Amino acid sequence: MPHRRLVSRGLLAATVALTTLGACPPAWASGEAAVMASVREPAVAGLFYPKDPADLSKMIDACLAAAQAQPVGELRALVCPHAGYPYSGPVAAYAYKLLAGRHFDTVVVMGPSHYAYLHAGSVANARLYRTPLGDVPISDKARLLALSSPFALEPSCEVQRPDWWLQSSRLAPAVDTAETWEHSVEVEIPFLQRTLGRFQLVPVVCGDVDPARAAKALGPILDDRTLVVASSDLSHYYSYNRARELDRSCVDAICRLDIDAMESQEACGRIPILILMHIAKERGWKVRLLDARNSGDTAGEKSRVVGYAAIAFYAPFGERIGADQRKSLLRIARGALREAADTGRLAETPSPDPGLAEPRGCFVTLTRHGELRGCIGYLTPRGPLYRAVAENARNAALEDPRFAPVTAREADGLNIEISVLSEPRPLSFSSPEDLLQKLQPGVDGVILRIGEHVATYLPQVWEQMPDKKAFLSSLAVKAGCGPSDWRIPGTTVYLYEAEAFKEPEPQPP
């Protein structure tokens, strides 16, 4: 079975014992044998992460302090590794750092089964999930999920107790369950406790479930206040260079939401990742790689390494401005364009809608028969959105140094496009190659700073330059630098997203 082939836990985990010692009762089954346990006790405290609460908090905080913030939209889900913290913690921190300042009522954590051989998913049937940092309440959503067929565990399943249990002081339970010894969910919880604070948990150990059916079953319990975490390490015990090659292929499949390609990738949490990918495709989520390294980079030797990745899934920035508001902004831009072409002055722009008074960055682009005629904007908010649109319509007509000022005669023949921007956020990257890997064509607006030289391209520019190297080279030239200067150490990049809308193209006379 696939899970026998994929049993491995990173460099701190031990191999699985060969003797089958127990059987799993069905989750949420009826009868005396399945009375709900009060607490799911930690299995790997003192093994995968420190058992002392102060030491555990100190280790997590150090990982978070070293991680760099990454730009994403409305966060919906994460892929995080689950090996021992000295090895995978520095990578996991890139994902969990995104939780700063955010709040989620519920977190669904899906991990692969390393010790129990399941044909379904197992939802822990306890009230509380315990770690050295305290108890997390298990959500009532867990009971609802356990009633769905992909997560209704069969009457019995094999469980192999790990051999590290023989050296532990923990007493063996009367009956093993799929969760008793499983670390793939457990190691995510202390990071969540340290970054998110209060939340309720839906802990799921995944066997050989069908990812599409499991994604459909999860749908009813997911909302904007629910975060999904797919727990997975990547390749196991290859040489450093071979692992980087395999992991790059796996990460690329995830970021492209290529489910067919992901089916053949090596990752112990492949099933949880595939479930998440199905959900993301159904809901239109975007994907961003946050960090990808292996144990040879973080804390181990490089002859046999384990791969890790931190990946964010998020709702796109767009579709926040209603149809009527878009029409109002386009009317404002059209009036400002005509006034600028006629008189050179800024048109009066009383607010047509309280919702358009919020300060937002924006650009106004003028085209004629699809050819650029002017484009100027504000990357960061400078007053109310409706006023910024009027100012940038005027500036695009008169102040773009690449073009002569728009004349009154040609103004009505120009098409107007407005781009409303999200707040730019810094992109962390370790090398030019890492930068190329993290850029998302068609999604990212890019601000490139090379020394004192700065330039930006809106996300729409990817339509003309889909190649990442060509995009950055052209942007470097726009900034007044050489085409390869984006590779210079010390170059900084900020990313943003844009909600773009425009008038219908004017028909030629």
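Modeller: The element names used here rest on DSSP runs: a helix is H or I over at least four residues, a strand is E over at least two, and both are numbered from the N terminus. The model is predicted, so local features need pLDDT of at least 70 and side-chain atom pairs count only at pLDDT 80 or more, whereas totals for chains, interfaces and linings use all residues. Residues are numbered from 1 along each chain as its sequence is written, and side-chain values use heavy atoms, with hydrogens and water left out.

As a setting, the protein contains 15 helices and 22 strands. Of its 509 residues, 55% count as buried (under 20% relative accessible area with a 1.4 Å probe, protein chains only; exposed is over 50%, partly exposed in between). Among contacts (heavy atoms within 4.5 Å) between residues at least 6 apart in sequence, 80% join residues at least 24 apart.

The largest pocket has a volume of about 920 Å³. A pocket is an open set of points on a 1 Å grid over the protein atoms alone, where a 1.4 Å probe fits, with protein on both sides within 12 Å along at least five of seven lines; lining residues have an atom within 4 Å of a point. Points are joined across faces, edges and corners, and the volume is the space filled by probe spheres set on them.

The lining of this pocket comprises 33 residues, and Thr365, Leu372, Cys375, Leu458 and Val461 are those lying nearest the centre. By class, 15 of the lining residues are nonpolar, nine are polar and nine are charged (Ala, Val, Leu, Ile, Met, Phe, Trp, Tyr, Cys and Pro are nonpolar; Asp, Glu, Lys and Arg are charged; the others, including Gly, are polar). Four strands supply at least two lining residues each: β15 (362–368), β16 (371–378), β17 (415–421) and β20 (453–457). The largest share, six residues, belongs to β16.

The strands β15, β16 and β17 lead on to the sheet itself, an open one of four strands in the order β16-β15-β17-β22 with antiparallel pairing (two strands pair if DSSP finds at least two bridges between them). Because β16 and β22 (498–502) stand at the edges and have a single partner strand each, one side of each is left without a neighbour in the sheet. From one strand to the next, the twist averages 15°. Thus β16, which gives the pocket lining its largest share, is also an edge strand.

The pairing of β15 with β16 is antiparallel and extends over seven bridges. Valine 364 has isoleucine 376 of β16 as its bridge partner. Threonine 367 stands opposite leucine 372 in β16, and this leucine is among the residues nearest the pocket centre.

The hairpin formed by β15 and β16 has two residues between its strands. Histidine 369 is found in that loop and has a positive phi of about 55° although it is not a glycine. Most residues other than glycine have a negative phi. Histidine 369 counts as exposed, with 56% relative accessibility.

Helix α12 (residues 385–398) lies across β15, β16 and β17 and runs at about 140° to β16.

Asparagine 392 belongs to helix α12. Its relative accessible area is 0%, so this asparagine is buried. Setting aside residues up to four places away in sequence, asparagine 392 touches Cys362, Val364, Ile376, Gly377 and Tyr378. Two of these, Val364 and Ile376, are the bridge partners already described.

Methods:
Axes fitted to C-alpha atoms, helices over the stretch in contact; angles between N-to-C directions.
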